[in-house]
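These are my notebook entries on one structure. I record what I looked up and what I found.

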Amino acid sequence: MRRFVLGLFAAIGVLTALVVVGLGIVVWRVAGTTPSLPDNIVLTADLGGGLTDSRSPDMLSALAFGSKPTLRKFLDALDRAGNDARVKGIYAHIGGDTLALATCQELRDAIAAFRAKGKFAIVFSESFGEFGPGTRPYYLATAFDEIWLQPLGTVGLIGLHSEMPFFRNVLNQLGVEPSFAHREEYKTAMNNFTETAMTPPQREEIDSLLNAASGQIVQGIAATRKLPPDKVNALIDGGPFIAVEAQKNGLIDRIGHRDEALTHARERAGSGAELVSVSRYRDTAGAAHDSGPTIALIYATGLITGGDGGGDPILGDNTVTAGDLGRAFRQAVRDRDVKAIVFRINSPGGSAVASETIWREVERAREHGKPVIVSMGDVAGSGGYYIAAPANKIVAEPATLTGSIGVLAGKIVIADLLQKLNINTQAVQRGANASMFSAFGDFSPAAHQRLDAFLDDTYAGFKQHVANGRHLSADQVEAVAKGRVWSGDEAKGNGLVDELGGYDTAFRLAKEAAKMPADQSFTLTVFPHEKSLPERLYDRLHGNERGAGVFALAVRKSVSDKLSGVLSGLDALTNGAAVLRMPQIGEIR
């Protein structure tokens, strides 16, 4: 009771603070006080904490709990700054190994475009991996023209690996039986629980993905550091490196501390240079795409589920709900100013039924004359590919994980565990298969037959959607299906992706599809439309949002984000809805 009262008072305090801050923002805007930017700017950015690939959190959550910078806003700021004479360059800090490879590639392209406009780019790191992997952050750093490393730092350029635990033996000891079926052999999302080691198809798939990613990293580092690829491969085998070794081998440019790197950045910018954060610059200078015809941007980030109301911004779990995405597409279709839709997907899949619902909304948008261009982020597999298939064009980064055209379903059976614990269960049912989804017993032969029929029908429908959307024959789809995950460049070679690139490539294709001139400026608008601050406050107070409520607003942040992610992922895999899910690759890092 005492904790509840304390939580209630904390919630009231948070809401009071939000109202005060919100009113302050309104007064500041009404008063017309507009912050200005200096005439000589060095942009600053911290890429060590990661970038979210989704829309900005609503104002209420951002004010209460803060928010990570978004990838889209960072790219937007760099795009505008490249054409701003006041901006001379960028100083960035890279810390831990937080960014996936495809995101690193998108950032590398953005830094390269920024430098191509006559700007400098300096990056500093205390260490690219401190007794840990540093290949991905170092790969990102090589897009900058100067790499600084702290004297006691290291360059953890050691290559990539993927590992995963297998729990089947311990589950057997516990009396827990994972009972799953899949289509086909590469659909290995539950192998951690059903197997004791990698199956041959699983190892083949991971070997292929590691080869593709490693080759991309080697080529990228070789090109920007002006080193032969063979030497880069040799350096990877000889890593990690202390600072003096890294400089001697041409991996870094300067050894120094953060303050020295910042001083050097100011000197390169010239007299009177001031440091301005990327977020402040973007908020003050405005978005890069804010005039002309509208291109809609719709996000699909996280597990795909049915219903309405996305992930809880307080807990930090991302989900893609069919209701939210349906509303976003319908709003974009009704908006006469929208000439095309860019559909940003960063999802490992999820519910087959929800994926089908979203697939239909993409189809309807095209039927109503709104071209849809998919831009894939780090992952767009299984259900994530299902919802991409009907688009006009699909764009992916070379390291994007995509495909996984397959299906799985099943349940965790705990009958033996209960018996070991001397727990008896009894049931009464009507219908031969009424208990087929019960965790207290395995599938009967009749229930297995129905499960197989469901899997076969879903798998056939998935392949048919891909064949229709990608203009491929049934044999061509079958050759790239079977649950196999592909890298973006492999997917392009297999006809599952049209072009390699990121947002900019998708924007170019969107303008082409909408018959807009190549040099036409456009307004980028995120759908569905954001609710106003009073609306969000009202919804939270009255429990009209998922994860809402006064008490939850104050106390749910204490739940571990990682634990939340693990539990939500396990729940999605073990309930009957989550049948279009990417297999476990292990974290490639």
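I took helices (H or I, at least four residues) and strands (E, at least two) as DSSP runs, numbered from the N terminus. I worked on a predicted model, in which local features need pLDDT of at least 70, side-chain atom pairs count only at pLDDT 80 or more, and totals for chains, interfaces and linings use all residues. Residues are numbered from 1 along each chain as its sequence is written, and side-chain values use heavy atoms, with hydrogens and water left out.

Entry on R282. I located R282 in helix α12 (residues 278–285). Leaving aside neighbours within four places in sequence, I found R282 in contact (heavy atoms within 4.5 Å) with K73, D76, A77 and A287. I also looked up D79, which is 203 residues from R282 along the chain; their C-alpha atoms are separated by 9.9 Å.

Entry on a helix pair. I noted that two packed helices are described by the angle between their axes and the distance between the axes. Axes are lines fitted to C-alpha atoms, for helices over the stretch in contact, and angles run from 0 to 180 degrees between N-to-C directions. For helix α13 (residues 322–334) and helix α14 (residues 352–367), the axes come within 9 Å and cross at roughly 5°. The two helices are therefore roughly parallel to each other; angles under 35 degrees count as such, over 145 as roughly antiparallel, 65 to 115 as roughly perpendicular and the rest as oblique. On the α13 side the contact is made by A322, L325, G326, F329, R330 and V333. On the α14 side I listed A354, T357, I358, E361, V362, R364 and A365. By class, the residues of this contact are 8 nonpolar, 2 polar and 3 charged. Here Ala, Val, Leu, Ile, Met, Phe, Trp, Tyr, Cys and Pro count as nonpolar, Asp, Glu, Lys and Arg as charged, and the others, Gly among them, as polar.

Entry on aromatic pairs. I counted rings of Phe, Tyr and Trp (its six-membered ring) as paired if their centres lie within 6.5 Å; planes under 30 degrees apart are stacked, over 60 edge-to-face and the rest tilted. The whole structure holds 6 aromatic pairs. One of them, F128 with Y138, is edge-to-face, at 5.6 Å centre to centre and 80° between the planes. F128 lies in the loop between β3 (120–125) and α5 and Y138 in helix α5, so the pair ties together parts that are 10 residues apart in sequence.

Entry on the backbone. I found a cis peptide bond from G239 to P240, with omega near 0°. P240 lies in the loop between α9 (229–238) and β7 (241–242). Another cis peptide bond joins F527 and P528, with omega about 0°; P528 is in the loop between β21 (523–527) and α21 (533–541). K226 is not a glycine, yet has a positive phi of about 55°. I placed K226 in the loop between α8 (200–225) and α9.
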